[in-house]
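Here's a quick walk through a few spots worth a look. Have the sequence and the 3D view open as you read.

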Amino acid sequence: MGKLTHIPLHTKHEHQKDCQVLDVGCGTGNVTHDVLQPVLPVATREVIGIDRDRTVVEYASGNYGGRKLRFEQVDIVHDRKFVDAHLNYFDHIFSFSCLHFVREHTTALKHIREMLRPGGDFSFSCVTSNNFFKVVADMAQTEKWRPHIAHYENFMSPYQFSQNPMGHLADLLTGAGFRVTRLTIEPRETKVPLSYCPGMFISHLPMEIPTDLHHEFGLSVLKTIRELNLSCSAEDNKELFYCYFDAVFGHVTRPN
């Protein structure tokens, strides 16, 4: 469930010197600092990381903020003030494993396009569907867990159940005013020890599960995984959660 940190650019694409850069959904800032910043020109003017979560922004600022790298608490959908202050401002905008948590893609993409300078580009990675949310969706139908995770769809990829996620996303990108230069989808999979799943689900859910219910919730996670036939056995007979998802990597530009 970690970030998809492959930078989806054409191999011949070069970042501009003296550029302004934005990272949308920077989280704790380690990817912005360790993955993104090293591939940018030394003469990059400024890198701004934004995230709607105040806690992770404070962590990023305290651990990675510096003269050329700073972090701000910004919701890419609802913080119009930040958008208006950075119209036609950025040469490059990036987003790693963030957009699948944004339901209002039309608004988010419109804001990103408005902040790009003509000729600027937007590179991103996101997930279209994954079986983590299959488990959550099934649990949300139960009387026990519905009150705690009923709003999971607000944090789920809008393409989770789409029959044509690539076509849907391509239409949204062109509708927002971008020219699509690359859009690929790659199936990914991993097998996680089933014993890790209770903690993994609790830590990755955007909703807060009361501490006194953690043990019971974890047991329900294991039960649901088995009922959905998403578990398998390893050679040592340990039970595993078969976690698969479809990852999208895109590169688009704002026409001059």
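## A helix on the inside

In this predicted model, helix α5 (residues 131-139) is largely enclosed by the rest of the structure, because seven of its nine residues are buried. Those buried residues are N131, F132, F133, V135, V136, A137 and M139.

## Two helices crossing

Next up, α4 (residues 105-115) and α7 (residues 165-175) pack with their axes 9 Å apart, at an angle of about 45°. Angles between 35 and 65 degrees count as oblique, and α4 and α7 are therefore oblique to each other. Their crossing is right-handed.

On the α4 side, the contact is made by H105, T106 and L109, which meet L169, L172 and L173 of α7. Sorted by type, the residues of this contact come out as four nonpolar, two polar and no charged.

## A loop asparagine

Finally, take N88, which sits in the loop between α3 (80-85) and β4 (90-96). N88 has a relative accessible area of 39%, so it counts as partly exposed.

Beyond its neighbours within four places in sequence, N88 touches E114, M115, L116, R117, P118 and R254. With R254, the N88 side chain makes a side-chain polar contact at 2.7 Å. G120 is 32 residues away from N88 along the chain, yet their C-alpha atoms are separated by 8.9 Å.

Technical notes: Residues are numbered from 1 along each chain as its sequence is written. This is a predicted model: local features need pLDDT of at least 70, side-chain atom pairs count only at pLDDT 80 or more; totals for chains, interfaces and linings use all residues. Side-chain values use heavy atoms; hydrogens and water are left out. Axes are lines fitted to C-alpha atoms, for helices over the stretch in contact, and angles run from 0 to 180 degrees between N-to-C directions. Helices (H or I, at least four residues) and strands (E, at least two) are DSSP runs, numbered from the N terminus. Angles under 35 degrees count as roughly parallel, over 145 as roughly antiparallel, 65 to 115 as roughly perpendicular and the rest as oblique. A crossing is left-handed if the near helix is turned anticlockwise from the far one by less than a right angle, and right-handed if clockwise. Contact means heavy atoms within 4.5 Å. Ala, Val, Leu, Ile, Met, Phe, Trp, Tyr, Cys and Pro count as nonpolar, Asp, Glu, Lys and Arg as charged, and the others, Gly among them, as polar. Buried means under 20% relative accessible area, exposed over 50%, partly exposed in between (1.4 Å probe, protein chains only). A polar contact is a pair of N or O atoms within 3.5 Å; within protein, one must be able to donate a hydrogen and the other to accept it, and residues adjacent in sequence count only if both atoms are side-chain atoms.
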